[in-house]
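Subject: Structure for you to look at

Hello,

Here is the structure I promised to pass on. Please open it and keep it beside this email as you read.

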Amino acid sequence: MSVVSPATKPGSPATKPVNLERRSLLSAIRPSRAILNIVLVVSAVFWLVPTIGLAIISLRPESLFQQSGWWTALTAPSQLTLSNYQTLFAQGLVARGVLDSLITSLEITVPATLLVTIISSLTAYSLVFGRWPGRSVVFLVIVGLLVVPIQVALIPVVQEYRVFGDLSGFNPFGTIPGVVIFHVAFGLPFGIFLMYNFYSGIPKEMLEAGRIDGAGEWQLFRRVALPLGLPAAASLMIFQFIWVWNDLLVALIFLGNNKHATLTIFLFEQTRTLAANYWIISTGAMISIFIPLIVFFSFQRYFVRGVLAGAVK
Amino acid sequence: MAEIGTEATPRARRRAAAVNEGGNPGGGWRDHLGSLAFLAPGAIFLLAITVYPLAATARNSFYDATASNYVGLANYKEIFSTSSILVTFRNNVIWVIVFPFLVTFIGLVYGVLSERIRWSTAFKTIIFMPIVFSATASALVWRTIFDLDPHIGIVNATIQTASDWINPPGLYPVDPSAGQSVAGLVATGVSAGPKDSLESSSTVTAGNPVELGLIGISPATLQLVGAQTAVVPTASPGAVTGLVWRDFSPSNPTARGQVLPDELGFPGLKLTLLRSDGTSAGTAVSDAHGDFSFGSVGSGSYKVQIDSSNFSSGFTGIFWLGTQSLTPTSSLNQTAQALLSVPLVDISMILAYLWIWAGFAMVVIGAGLASLDREVLEAARLDGAGEWQTFRRMTMPMLAPVLIVVIVTMLINVLKIFDIILNMAPGSSQGDANTLALAMYNFGFTGGLGNWGLASALAVILFILVIPAIVLNLRRIRG
Amino acid sequence: MASVTFDHVVKRYTSDLTVVKDFNVEVADKEFMVLVGPSGCGKSTALRMLAGLESISEGQIRIGDRVINNIAAKDRDIAMVFQSYALYPHMSVYDNMAFPLQMQHMKKAEIDKRVKSASSSLGLGNFLDRKPRALSGGQRQRVALGRAIVRNPQVFLLDEPLSNLDAKLRAQTRIELQKLHRDLGTTFIYVTHDQVEAMTMGDRIAIMNAGILQQVGTPGDIYDHPANIFVAGFVGTPTMNFVAATVQDGVATASGFHVKLPKALPAAKGILGFRPEAVTDRIPDPDSAMEMKVDVVERLGSDQFLYGKVGGDSVTARVDPRIKVEPGDSIKLGLDTRTLHFFDSETELALL
Ligand SMILES: Nc1ncnc2c1ncn2[C@@H]1O[C@H](COP(=O)(O)OP(=O)(O)OP(=O)(O)O)[C@@H](O)[C@H]1O
Ligand SMILES: [Mg+2]
């Protein structure tokens, strides 16, 4: 313990029980910085290849597709053209076209995202700051619902929609509200969970001060909880937006025979019906990932927070 | 003198307010009502669209295809006795065994390594980015990547490049998988030799030119190799000379055995002169007119061989999205095959899914790493632990809860795996790549009215499989 | 009139967890009442019941003549300053102070007037646009006060408002709070576990222990006439000396000395209490003199405290700082018999 190696730097505590021999051995087998960087550069390139490939395929004329690989465009950039995009956009708003699907996706995603965020905030507020008995049990039920697969609800909800249609004259099956409702319900457990955790971190005194200051429950929610919960709500919104935007199953079932389709359905049908229509598929796929990419790069911080908060879904 | 606390002088207690534990002052039940109004929208959605349907699905699973007649356990019996459905369990098992651990491992490696580079933000962004892509779009991307045609799929293109380098294809590839054969090229003066080679039908001697006619090679190929008009070779003493030509004249399609003016020679063919005992007496390569010459040949009779390497087709692509099994099961019966084979398409899809989710694992684990107590790690270093020991004895155990979260999250995720399979496995592989969630969709919602009883039973099984995760989550929240 | 009455108030969280037991206090209009007691004794709970943040399990709380048990917090016309200040982090200082007024739907101009006047009297005039996180601890504390002041409430509640300040600022704010109380002319109820705050600030003090009110009185009253052992021990530093004693013929005998009691007592056995300042190097009455074996000497400049043994009992004495004493010395000390206390050893109540 008291042996001081001459290699010990001046100033370092003399009694450090560091086994120098072993450390130098380990540093010898430790990969050098250069190797580390090379490994990670190669990994990063691997990860980029699919996206770059997709982008290039969508930017090459269809006629080149079977002749040479997309990677040849890396050395011959003159291959690249926007013609695929022009062709798709030139179709305009024909039902089940790309533009029409883009709009349908937005029509579903925006309301589903807003509703989940608002309802989750309300429910979480009630669970955290309300004082009715049984709150903790309700919260546990919601935690239990977090991982329930949507498959267990598909058929009964179709049945419920039918019954609702018989009673009210409006059957949500096959309509955009029908899809939105389902998404909202299955977005809520995660949304409530995330907002609950955030609200739990707000000192209770903050709300009590508000109560004493004369605010009613609604004002406390709107003036205190909601603004304080904004970061969490932002995470939730982004998460939910991407979740709904990328959904295929729910839209496939609940849009039924609707003449409009979401972008994911558009892509799915293109692969099914036109198995070799790679130019449409790749261009459509690029369009479908464009909005999530914008969201991702603009709000990465909030997105990461949402991912960390809800590493369960 | 001071007032004394009333504990010493007890008086009858008056009850002014009901005991309500946890307590809600002031408004009493009216405040509860306020809180409950906040709760109502969420409660209605959850009860109507998740809680009630859960029960209804359980009920439907005991009913027939139209969910109207009770059939007992028939749906479950059918599931466990139909090999095409049992395949879904096998695939779910493959996903569950392989994917969560693999993705966590990669996430851990990237999480740890990326902390030590300057461009870690860029690196993490690159790895994390695919998480925002839909599984549908990702599946399409990866379908292209794994495309069979090396002109389309970059994986096969890469393998082809490597393989061509080691074992280059001949100038005149014959692809057996496309129904072609070397023997099918025989036209005039040649016959099939051993191992996909061709040889002259008759023996040859020095000074006597030989003419070897082939057919069945496309003009495009010939154009590519720069073929020119076939020229009958001149006799040369002490040498075996000859011609290999395309015995097909566009102007005279039926004429065989003659060298016509619009017929082309085969350039670049690798030829071997064989002694009668089969050993090589020399090699030659044909010129642009298809002529060749073996010099300084002794007397005796020989055969001219057109080497098999001329026809080697090289690498033509692996069908990554196909169903060939990685485990040898072809000798087993159908049910055993369904349960034990590991189709290649599963592995390809797992790779695609890794691409999507590795960033998630990396980010969650990275956050876990960042929240570790640095001082503990430093203390370990001072106690003499090296880098690897610190990692294994300190970092890993402290990180264990995070790793478990990632594994469980990914486990639930792949139990429900659906879109990637629907979109990535081509029609011919779908049946072999099928999973519980996809089968549930197929039975419930495709092919006319669907079989709701069976689909519900599949959904119930799926639910039962996630129950351990539910329990784990509840434990984690309460503990 | 804004007197506050706790009338047999009980707070029960569960059937076997009662944290405030039969609490009776009357706080007069404009009075500065301090609620003091050790941590966890139920002070905050009592205050929070008054504020409307906790339900009242039993009994009544009245403000003036109005029973407030079933009135919502927002309608009680009470302001409260929290220990953590509970400032709204997303609002500026101005908005924090304006918030309660906005809740009353007060006119903008009036809100502005009140916020400006309160903030300038608290020296916050230059910080109105800042968010709480850009303020120092003392400034935050004043914003919390300001938020309460602007409302001009009937009752002002403060729950340990000084405990997050450093010692110097705490002493200064103590004085400011007293001045504020004088200026506002409002009933103050102030919760603290710091007996110095209680003694210096309160018109009267209510001392609690384990959910039970021990004594209510002026600081002098409580110091000089503690109602029981708990109060006697809680108030005063260093804490009062307690020694077991037997009484016979008006003389109490402890293990190391005896003293003549000023009054005849019925009990034969009990606990004799005397503050350290009653044990000095001056010996007024040789009969009650004692011999102390000194263990620890604590010199504080103006005072010198000796901790040691008298007979079998531990005793603290305050002696002239100029006397030279070392640990291990024996010293002869006298006892001032005018400030003796005697407690029943069963009930712990004061008999003298
Ligand atoms: N919601 C609750 N449920 C159960 N017990 C509680 C609850 N709130 C407080 N208590 C208990 O009531 C007792 C009194 O708490 P209170 O906050 O009134 O103490 P205090 O006198 O203010 O202490 P301090 O000086 O530490 O603030 C404590 O023992 C506490 O544990
Ligand atoms: Mg308290």
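Which residue lies over the face of Tyr302(A)? It is Arg301(A), at 5.0 Å from the ring centre. Keep in mind that this is a predicted model.

Chain C has another case of this kind to look up. There, Arg275(C) lies over the face of Tyr223(C). The distance from the ring centre is 3.9 Å.

Next, the aromatic rings. A search of the whole structure gives 50 aromatic pairs over all chains. One of them joins Phe296(A) and Phe128(B). A pair of aromatic rings is described by the distance of the centres and the angle of the planes. Here the centres are 5.7 Å apart, the planes make an angle of 55°, and the pair is tilted. This pair crosses between chains. Phe296(A) belongs to helix H13 (residues 278-298) of chain A, and Phe128(B) belongs to helix H4 (residues 120-128) of chain B. Both Phe296(A) and Phe128(B) are buried.

Ring pairs also build a cluster. Its members are Tyr125(A), Phe129(A), Tyr199(A), Trp218(A), Phe221(A) and Phe38(B).

Last, go to Val259(C). You will find Val259(C) in strand S13 (residues 258-260) of chain C. Is Val259(C) buried or exposed? Its relative accessibility is 1%, so Val259(C) counts as buried. Beyond its neighbours within four places in sequence, its contacts include Gly250(C), Leu272(C), Ser288(C) and Leu340(C). Now compare Val259(C) with Met290(C). They are 31 residues apart in sequence, and 9.8 Å separates them in space, C-alpha to C-alpha.

Best wishes

Conventions: Residues numbered from 1 in each chain as written. Chains lettered and ligands numbered in written order. Predicted model: local features only at pLDDT ≥ 70, side-chain atom pairs only at ≥ 80, totals over all residues. Heavy atoms only, no water. Phe/Tyr/Trp six-rings, centres within 6.5 Å; stacked < 30°, edge-to-face > 60°. Helix = DSSP H or I, 4+ residues; strand = E, 2+ residues; numbered from the N terminus. Buried < 20%, exposed > 50% of the residue type's maximum accessible area, 1.4 Å probe, protein only. Lys NZ or Arg CZ within 6 Å of the ring centre and 35° of its normal. Contact = heavy atoms within 4.5 Å.
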